[in-house]
Every structure is written in structure tokens, then in C-alpha cells.
Amino acid sequence: MPGVTRSEESAKSIVMITWRGLTPAEYSFAEKLDELGINAKFEYFDAERDQTKLAGFLRERREDLQSKDLIYTFGTTATLTVQNFDLETVPRVFNIVTDPVGVGLVTSLDAPPPGLTGAKMSLSPEVILDLLGNIHDLKTLAILFDPRESNAVAEADRLMLAAEKRGIVPKLLRFAPDADEKDLLIASFKPELASSDAVYVTSSSSFVAHNSVLKEIIPDDLVSVSSSTAYGEEDVTLVFGTEYRERGEAAATLAAKILLEQVPAHSLPINEIAASDATLFVNKNSKAASALQLENATNPVVYR
């Protein structure tokens, strides 16, 4: 479990619910809470990318969870599942959610529902396309997403609309990396990718878990972009965003206002990365990186 518990007598009880194990976001969340003077006692549950397992935990522990000081959730699926269990009496802070509005968690980033707030993971698709357009000629865009993940579907939908509005032709590529027919799908993508200027890899837990398959799909000379730094240094050409550690600290700052100042969670707007604060992470080993006009980038460039 992340963090160090001091005296348990005055400790705030926090349940951490993650989707695919501990990440730097959880460690920085715990460290930032400690830095802000919060004595926390953590309980940790990992769903192991299994929604049924998570639902079982929530049903079994529902009464006990009502007595906690705070519930932290990682990722869209875990956060949506917890939200469906009507735990409004417990403050909840989510983290690493790509599009809270698009998946129905909130109707507005400024007005979350009772008991909920959190840290949004990525820039909007509209902003990313504008930033990408500064450094790469973009007329056609392939969009790779897992149709089983609500956050990926929401991101793909917004990307398609944003692309069309900018005169960019979008191509939706539906892909489940653990499906039996994945080899046939990969083969069918080749002509679509060959006629694309770039491919956008949506934020999908399944892609992170099976990241090696991205190398099978994406040609070496095709620019690939994502909003998620969860993808490894060799997975995509570039990422517009920020590190998981920074998002953990942002979530902890929200949690501190709840725990120390008794501010209602839903009165705290969802924390979002400003376009001007985003970093452009570039895969220094990517052949496709040479096609980018990085001298035109408006954000800091970091090579990984």
C-alpha cells in the first residue's frame, strides 16, 4: 500500500480502488497528502481489470465503505462502477479519467454530482488536434480504440467530431487486443493506416496491458499520438499531456480540501490540465518523429 501511516488514532481512513494495480499516480497521491499534513490510513483494493470482481467488493463492503473518510478511484471503469453503488455520503476523488463528461460521470467539469470530484487525465481531443496540427500536416487521421471501454469510445467519438470540424478525415479502427481474431483485424488495418497521416491511440487499459500489439499495428514511419503517458516510451511517437505523478498530486490537493477544510467534494471543480501546461513527450527512437516540425511546437518538448 502507498504512503506511511503514522498514528492510527487520528488517521483519515482512505480506500484506494484501482483498476490495474498501483501506478505512480497513487504513490504521489499518498506522498502529497503526507506533505499537506494529512495522517492517512490506506486500504487498497485492485480490481485487476475485472468489473465483476470490483462490483462484488463494493456489494460486500458497502456498509463499511460508508464509514470511510474518502474513496479514491483510478480510471474510468472503476470510477463509474463505484458511482453506480450510490455512495454519495462518502467523499470520492477520481483520478486518471480521460473524459468525465463524455462517459457520463459529470455533466460539467465545474459541477460534479454530490460527493464527487477528481482530476481529469488528458487534454481534450480538440486541443490535441490543434497542437498536433502545429507540427504535422494532418489531412487524414486513423483512430484506434477498444469498443469495450467507455472512455475509449467517448474519446474516439469526440476525436471524430473534432477532426471533421477541422476538415480532417477520420477513420475509426475498432480493436480488442485480446480478441481471438486480432490477427485478421491487424491485417485489415494496413490499407487504412497506409493512407493516413497519423494514428491516434485512445486511452485504453487494454492497450496498456497489451502494449506490445501496438508495434504490430502501427507502421514505423507513421506518426502515432495519444493523450496518455501510460503508454511506454516505445509505444507511440508522441503524447500530449502530463505525468501520472502530477495527476496524483492534483487529486491529493482536492482530497486535502475535503479532509482538512471540510469542503464538499462536489463544490470542487474537476481539475483539468491547461493546454499551456501540457508537455509534448516525443519518442526519441521513433522513425516517424523525423516527420514532425517540432520547431513549431507551442509546448515544452521532452524526449523519452
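So, Thr-229: buried or exposed? It comes out at 9% relative accessibility, and since the cut-off for buried is under 20%, Thr-229 counts as buried. Keep in mind that we're looking at a predicted model here.

Where does Thr-229 sit? In the loop that runs between β9, residues 223–226, and β10, residues 238–241. So we've got a buried threonine in a loop, because 9% accessibility puts it under the line.

And what does the side chain of Thr-229 find in there? One of its polar atoms is 2.9 Å from the backbone oxygen of Thr-242. Thr-242 also turns up in the contact list, once you set aside neighbours within four places in sequence.

Okay, zooming out to the whole chain. We have nine helices and 12 strands. For 304 residues, a compact globule would have a radius of gyration near 19 Å, and this chain has 20 Å, so the two agree.

On burial, 56% of the 304 residues count as buried. As for contacts, take the ones between residues at least 6 apart in sequence: 71% of those join residues at least 24 apart.

Then the surface. The chain exposes about 12,900 Å², with carbon and sulfur atoms supplying 49% of that.

Terms used. Residues numbered from 1 in each chain as written. Predicted model: local features only at pLDDT ≥ 70, side-chain atom pairs only at ≥ 80, totals over all residues. Heavy atoms only, no water. Helix = DSSP H or I, 4+ residues; strand = E, 2+ residues; numbered from the N terminus. Rg over C-alpha atoms; globule rule 2.2 N^0.38 Å. Buried < 20%, exposed > 50% of the residue type's maximum accessible area, 1.4 Å probe, protein only. Contact = heavy atoms within 4.5 Å. Areas by Shrake-Rupley, 256 points an atom, 1.4 Å probe, with all protein chains shown as cover. Polar contact = N/O pair within 3.5 Å; in protein donor to acceptor, adjacent residues only side chain to side chain.
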